Amino acid sequence: MPMQIARLRGQPLVVVTGSPYRQQLLTKQSKCRSARHQQQVTLVRVQAGSAGKVDMSRPPPWNFGFQTNERHLQWDKSAQRQLLKMHVAAELGKDVPWVEGKLQEVVGIIPDLSGKIDRMKVNIVTQLVNETQAVAQQMLDMRTLLPHVDVSAMMAQHPELIFKLQPDKVSQQLLLLREKLAGKDIDDLLHREPLMLTANLKYALQELTRMLPDKDPAEFLFKHPGMVLTMDEQMMGSSIDGNLTKS
């Protein structure tokens, strides 16, 4: 019985046996199967290719609404200020317009706070808004005690002093500063370092004498007041060990 071996592209080896008619029939069937296989392969390739193409008849998804970019996601000062007002209003049981009015009063009392309130601690802002009359009295007292010091700038630099300073203690501290730093410009010292109004001056001078025996403690403190303040006052490490703010 004659035998024919044929290999069609894309198909396994086909062995054809029998009469010439049977051989022709089997060959046609094999060709049909090969054609169907080729159509399936072509369809898969077309689908795979179309998956990586953009249908230009439809708008791209990023054109829906508006294009989101960094400008739309930026956290700016206006958003921060609004959130601060909302929080203070919630804390005091008031509405935002009331808080805005009180903040305008506070800035009128302490002009240098303008532009800095957004960065202040929430509890301080809440207290400022809730006690505007006390703030006004405090500023009046400090300006009386420190007529040659820019009290507004001092309070803006250290807002925690607004409610921490007490007129009688400030008066005593000024007398002590003038005594221990005789001949020094105390107004200039307070301009450079307002926290000297709350520092434990006696302890600071004692520590400077102990640690720097070859230096004049009063002269060193006057030139470098920030170096003798404690971590509690400066919010950073101090070069002097011990607590300079407690009696």
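Does K223 count as buried or exposed, going by its relative accessibility?

1. K223 counts as exposed, because its relative accessibility is 53% and the threshold for that class is over 50%. In this predicted model, K223 forms a salt bridge with E219, with the closest N and O atoms 3.6 Å apart, and E219 is partly exposed at a relative accessible area of 25%. The two residues are four residues apart in helix 12 (residues 217-223), and are therefore separated by about one helical turn. Salt bridges with shared partners join K184, E219 and K223 into one network.

2. The structure holds seven salt bridges, among them the one between D118 and R81, whose closest N and O atoms are 3.0 Å apart. This pair links distant parts of the chain, 37 residues apart, since D118 sits in the loop between helix 4 and helix 5 (122-130) and R81 in helix 3 (residues 77-92). D118 is buried at 12% relative accessibility, whereas R81 is partly exposed at 33%.

3. E100 and K85 also form a salt bridge, with the closest N and O atoms 3.3 Å apart; E100 lies in helix 4 and K85 in helix 3, so the pair ties together parts that are 15 residues apart in sequence. K85 is buried, with a relative accessible area of 13%, while E100 is partly exposed at 29%.

4. Helix 9 (residues 167-180) and helix 11 (residues 201-211) pack with their axes 10 Å apart and at an angle of about 30°, and are therefore roughly parallel to each other.

How values were computed
Residues are numbered from 1 along each chain as its sequence is written. This is a predicted model: local features need pLDDT of at least 70, side-chain atom pairs count only at pLDDT 80 or more; totals for chains, interfaces and linings use all residues. Side-chain values use heavy atoms; hydrogens and water are left out. Axes are lines fitted to C-alpha atoms, for helices over the stretch in contact, and angles run from 0 to 180 degrees between N-to-C directions. Angles under 35 degrees count as roughly parallel, over 145 as roughly antiparallel, 65 to 115 as roughly perpendicular and the rest as oblique. A salt bridge is a side-chain nitrogen of Lys or Arg within 4 Å of a carboxyl oxygen of Asp or Glu. Buried means under 20% relative accessible area, exposed over 50%, partly exposed in between (1.4 Å probe, protein chains only).
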